[in-house]
Amino acid sequence: MKTTDALAESLGVPESLIARLKATDRVVLVASNPNITRRHIRQAQITPRSLVFSFNKCRQLHKLPFDTSHYLVHRYGVRDKHYFGYPHKLRVRLFERFARDTTTLLLDGQAEPADGKHVYGIPMLGKLSLLENYPFDTLPERGGASTGFYMIALLAELKTALGLDFSMTLIGFTDGGGGRQWYGHAWAFERQMTARLNPEMIEVFPKKQT
């Protein structure tokens, strides 16, 4: 079992993230799925002890509770040369003001993360266990692991390496959700590998057309 500092260095993650994972019993990942409602959020039963991860433009923040720790995760877009959803727009900055605490994670890219409190850059590494057979060669040029799946793989890696005991709840990571509008990711592979972790799945489907 690796020590905390060695693992943090090898994966490029802040030690503060590992410390919080050690102290929690549950992480909740909220997909960039436009069909997520407040009912789905309530179903997740997020508590002050939970760690909540939102992705890219973080459109569901206004539905999430303030009284817990939030991670805002943004992927570097190679084509557009910027981080999706970062720097934060007004609605996200307002959430940061009222939430108990927030941390920003900037995934991949060569750009230096902007100076700021609780802002960390994290490289996207192919050596994570869930990424071992990722079909990179069959995807478009910009293809690779999606933002949400990379964090799932990273959290699973940290959990196994450190022998942690937190559970994982996924909101909106379901077929037919928002993910179909973005190409470049191996969605079937990502869902298959995620299922191996046996997370709690809160399914979210498109609203019925009338």
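From the N terminus on, the elements run α-α-β-α-β-β-β-α-β-β-α-β-α-β. That comes to six helices and eight strands. Helices (H or I, at least four residues) and strands (E, at least two) are DSSP runs, numbered from the N terminus. The model is predicted: local features need pLDDT of at least 70, side-chain atom pairs count only at pLDDT 80 or more, and totals for chains, interfaces and linings use all residues. Residues are numbered from 1 along each chain as its sequence is written, and side-chain values use heavy atoms, with hydrogens and water left out.

Now look at the chain as a whole. The protein has 210 residues, and 50% of them count as buried. Buried means under 20% relative accessible area, exposed over 50%, and partly exposed in between (1.4 Å probe, protein chains only). Contact means heavy atoms within 4.5 Å. Of the contacts with a separation of 6 or more, 68% join residues 24 or more positions apart.

Next, find T68. It sits in the loop between β2 (51-55) and β3 (69-77). Is T68 buried or exposed? T68 is buried, because its relative accessible area is 0%. Leaving out residues up to four places away in sequence, T68 touches I46, T47, P48, R49, S50, L51, V52, R100 and D101. Take R49: T68 and R49 are 19 residues apart in sequence, yet 6.4 Å apart in space, C-alpha to C-alpha.

Finally, turn to K89. K89 lies in the loop between β4 (82-83) and α4 (90-98). K89 counts as exposed because its relative accessibility is 61%.
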